[in-house]
Amino acid sequence: MVDLNALASLESGKLLLLGNEAIVRGALEAGVKVVTAYPGTPSSEVVDTFYRIAEKTGVYVEYSVNEKVALEVAAGAAVSGVRALCSMKHVGLNVASDALITLAYTGVRGGFLAVTADDPSCWSSQNEQDNRYYARLANIPMFEPSNSQEAKDMTCSALKLSEELELPVILRTTTRVSHTLAPVTLGPLEKSAVKGVFIKDARRFVMVPSNALVRHDVLLDKMKKAEEVSEGSEYNRVFGEGEEIGVIASGAAFNYAVEAVDKLGVKASILKLGLTHPLPSGKILNFLQGFDKVLVVEELEPILENDVRSIGFALEKRPKIYGKLTGHFPRSKEYSIEVVYHGVAASLGLAPPLEAKRQDSTLPPTPPRPPILCPGCPHRASLYAAKTTLGKEMAYCTDIGCYALGVQPPLEVGDILICMGASLGVASGISHALGSSTVAIVGDSTFFHASIPALINAVYNNHRIIVIVLDNLTTAMTGFQPHPGVEPTRGHRVMIEDVAQGCGVKYVKVLDPMNLMEARKALKEAALFEGPSVIVMRRACSVDERRKGVYSPPYVISKEKCNKCLACVKVLGCPAFHLSDGELKIDEVLCSGCGLCVYICPVKAVEPSR
């Protein structure tokens, strides 16, 4: 982990930083005073790092209830002249986009940066959307770093450009940039306004149609200025003087392109684009004139390739452009050295080098491990209770969070998952279609994020949904960040059951899922209830408990009693169980002492260790 004291205070020198940590440093160098976020991989380290240095730096840091609120809070600071940043993963920008697109019309007075981290290959996401579209949709500038140094530098530049143009700006990273460590040269820390002033200007900030139409033209004028900046930007420049081919690349793909042409022995010039919206059309046009063949190397959608083709159409003698649209590069999954090697070689009619596959390590590969719930996870008990009480035929609509792992054997609870908070709405639709009760499973943080409107809708329309809120008292999946349902450091705790009752739900129960008898009783009652019901299954995350120093004695298996029926393994799938020399054992290091397996064992062979 980075030395947080050095990150927050050094005025020069170098630090080894993740791309996300470099963004934090860049924001500090630019004088950011307000930071908001909803955590989500691969962006989480941005707000987590800020949270740890908030007191030292005097930066206000907030884990907001969702990305739209995060963007709105940061926007409120920025329109008051205070530099602000909000961070989220790529799908989070879908939630925040409603506010962002109109914020482009009003503009800001202090610098405003929206950091969005894309996830090619869906390492931890439900899709691999390309957020470069959002810069075009909102009509605002976008920066795309290729490494940690650029992540720091571009964050600083983007905030200053935002303030200069009075426009929100996007910094788009990808997983490879966010989570790669690299040395970063530091700059001085800039002081900026801590307290803002909101100067009223209804024609600018109140977006009724008559004002919005005027502000749209203002936005278009600002983007003309942004294009001038892009033409002269140091982040859009040519590397190499090769005359054989031209390459245009951005983001992490630039690094692969450099290595590919080098290893293939191709004499190439590479136009690297860092300020990718608006594009420097003049610079691209000049670059295209020098080549018969131009390769466009970019991850995910052929956005840059389409733009380059459009720009090149103005030329009398146009180069042949290779990319995704010619089938030489894939349109899905994260790029790698191997992928780009083959794409470049195929574009030029060359055979890929035999050493195309990178030999990263001489160590044997890590054994495959299925994604499963942690040992002692309370969600295992909740899902087990639901499945054994409500039956396999029940439709289970699940949501975004650790509990989505319940779809894996042996629990296999979860029939549909779309996006944050969608389980309640989808369950309502299925219930209406089937004419029977349907289960909506949602985590505590996700409940606050996006489920409450659907709950109100279910109450108003009397949908027969059984809402099971899995409350483990943290946002576990993204790194144990707080949410409104836990004890706050400021403000007041918001109880899920109070929200449910406030929404009009008539059947609300709160219980510990480890009390299987009580859980089953509540589930049966909810299944018979004519209307929406909410059961809050509350028990702390076992991993978070250990991080806080809370331990329970592990369990052991009695050799004398165990008949090796493997019910504990087949029913629960707890990773603390394993077979060793033909004998079933419990790993005392992994066992959290939750005791759920005690209820499952038919011969009572699971016993306390002391």
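Reader: To start, where is the place of Pro410?

Author: Pro410 sits in the loop between β15 (396–397) and α16 (422–434), where helices (H or I, at least four residues) and strands (E, at least two) are DSSP runs numbered from the N terminus. Please keep in mind that this is a predicted model, in which local features need pLDDT of at least 70 and side-chain atom pairs count only at pLDDT 80 or more, while totals for chains, interfaces and linings use all residues. Residues are numbered from 1 along each chain as its sequence is written, and side-chain values use heavy atoms, with hydrogens and water left out.

Reader: Which residues does the cis peptide bond with omega of about 5° join?

Author: That bond joins Pro409 and Pro410. Another cis peptide bond, with omega of about -5°, joins His277 and Pro278, and Pro278 belongs to the loop between β12 and α12 (281–288).

Reader: Which residue other than glycine has a positive phi near 65°?

Author: That is Phe480, which is found in the loop between β17 (465–471) and α18 (496–502).

Reader: Switching to pockets, what volume does the largest pocket have?

Author: The largest pocket has a volume of about 650 Å³. Of the 37 residues lining this pocket, the closest to its centre are Ser124, Ile400, Gly401, Met420 and Met477. On a 1 Å grid over the protein atoms alone, a pocket is an open set of points with protein on both sides within 12 Å along at least five of seven lines, a cavity is a set where a 1.4 Å probe fits but cannot get out, and lining residues have an atom within 4 Å of a point. Grid points are joined across faces, edges and corners, and a volume is the space filled by probe spheres set on the points.

Reader: Which helix gives the largest share of that pocket's lining?

Author: The largest share comes from α17, with four residues; α5 (92–106) and α17 (444–461) each supply at least two. By class, the pocket lining has 16 nonpolar, 18 polar and three charged residues, counting Ala, Val, Leu, Ile, Met, Phe, Trp, Tyr, Cys and Pro as nonpolar, Asp, Glu, Lys and Arg as charged, and the others, Gly among them, as polar.

Reader: And how many cavities of 30 Å³ or more are there?

Author: There are five. The largest cavity holds about 110 Å³ of space, and of the 16 residues lining the largest cavity, Gly376, Cys574, Phe577, Cys594 and Cys597 are the closest to its centre.

Reader: What is the strand order in the open sheet of seven strands?

Author: The order is β3-β2-β4-β5-β7-β6-β12, with mixed pairing, two strands being paired if DSSP finds at least two bridges between them. Because β3 (60–63) and β12 (275–277) stand at the edges with a single partner strand each, one side of each is left without a neighbour in the sheet. Strands β2 (residues 34–37) and β4 (residues 84–89) run parallel and are joined by four bridges, and Val35 has Leu85 as its bridge partner in β4.

Reader: Last topic, how many salt bridges do you count?

Author: The count is 29, a salt bridge being a side-chain nitrogen of Lys or Arg within 4 Å of a carboxyl oxygen of Asp or Glu. One of them is between Arg172 and Asp130, at 3.3 Å from N to O. Arg172 lies in strand β7 (residues 169–174) and Asp130 in the loop between β5 and α6 (132–138), so this pair ties together parts that are 42 residues apart in sequence.
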